[in-house]
Amino acid sequence: MEHHLSIGRALLTGKEHSAEYGVYLCLLGLLRLMQGQYPRAREIMERSIQTFQALDSDMDGQYAINIAGAYNYMAETYRLEGRYPEAFHCYDQAIAYNRSRGYYPGAAVIYTNYGVAAYQSGQKAEARKLFRYAVDIYTDSHEYSGYPIALSYLALYDAQEDRFDRAAQQLRDALRLSETIASPWWKGITLYMA
């Protein structure tokens with residue numbers, strides 16, 4: 001990914017005020033997130049957000065989904081550091097931008113990530129609501145990114161309440177989706193939650 005981003009950077013020389021450059025920054029920030037360089041990832045995501053906001057000077061929300069995505073990634077950096085109040089603030093920003101022009105793809109994954117952060121911070125009742133809402137969006141929109149994660153957490157809640165048949169069905173659904181999408185990450189989380 002580093003190699004491809006360096007090629008992209010070279011192609012974008014002189015185009016630092018373009019949507020393509022904003023996307024490049026978001027991808028670079030995502031790479032830094034994946035490398036565990038959380039403060040650096042946030043700096044880059046902030047530059048991506050500023051690029052998109054500058055391009056949308058008439059405030060019509062043309063780049064709202066891009067800004068929402070960058071805020072979601074920023075939230076993930078905070079979540080991974082255990083800085084939940086900052087993560088919640090960024091998830092709220094992501095949701096606000098995501099909703100600014102009506103429905104956008106990606107809403108379900110934001111709510112799923114928010115649910116994980118709430119669960120990890122001990123806000124389990126709130127997390128459950130977020131996972132349920134995410135599953136409703138997944139069902140209505142046919143989005144799949146993160147869907148097995150939301151199902152796995154809901155299965156955990158059901159198992160804790162002795163609703164084993166329902167929990168088992170959610171785990172089967174989560175594993176089926178993971179296999180369909182060929183995601184070892186989602187399958188691993190599903191198995192971990194089981």
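Buried means under 20% relative accessible area, exposed over 50%, and partly exposed in between (1.4 Å probe, protein chains only). Leu-27 has 39% relative accessibility and therefore counts as partly exposed. This residue is found in helix 2 (residues 19–34); helices are DSSP runs of H or I with at least four residues, numbered from the N terminus.

A note on the source: this is a predicted model, where local features need pLDDT of at least 70, side-chain atom pairs count only at pLDDT 80 or more, and totals for chains, interfaces and linings use all residues. Residues are numbered from 1 along each chain as its sequence is written, and side-chain values use heavy atoms, without hydrogens and water.

Now to the rings. The structure holds 12 aromatic pairs, meaning rings of Phe, Tyr and Trp (its six-membered ring) with centres within 6.5 Å; planes under 30 degrees apart are stacked, over 60 edge-to-face and the rest tilted. Two of them share Tyr-119:

| Pair | Centre to centre | Angle between planes | Type |
|---|---|---|---|
| Tyr-119 and Tyr-153 | 5.1 Å | 70° | edge-to-face |
| Tyr-119 and Tyr-157 | 6.1 Å | 85° | edge-to-face |

Tyr-119 lies in helix 6 (residues 107–120) and Tyr-153 in helix 8 (residues 147–160), so their pair ties together parts 34 residues apart in sequence. Tyr-119 is buried at 17% relative accessibility, as is Tyr-153 at 8%.

Notes
Helices (H or I, at least four residues) and strands (E, at least two) are DSSP runs, numbered from the N terminus.
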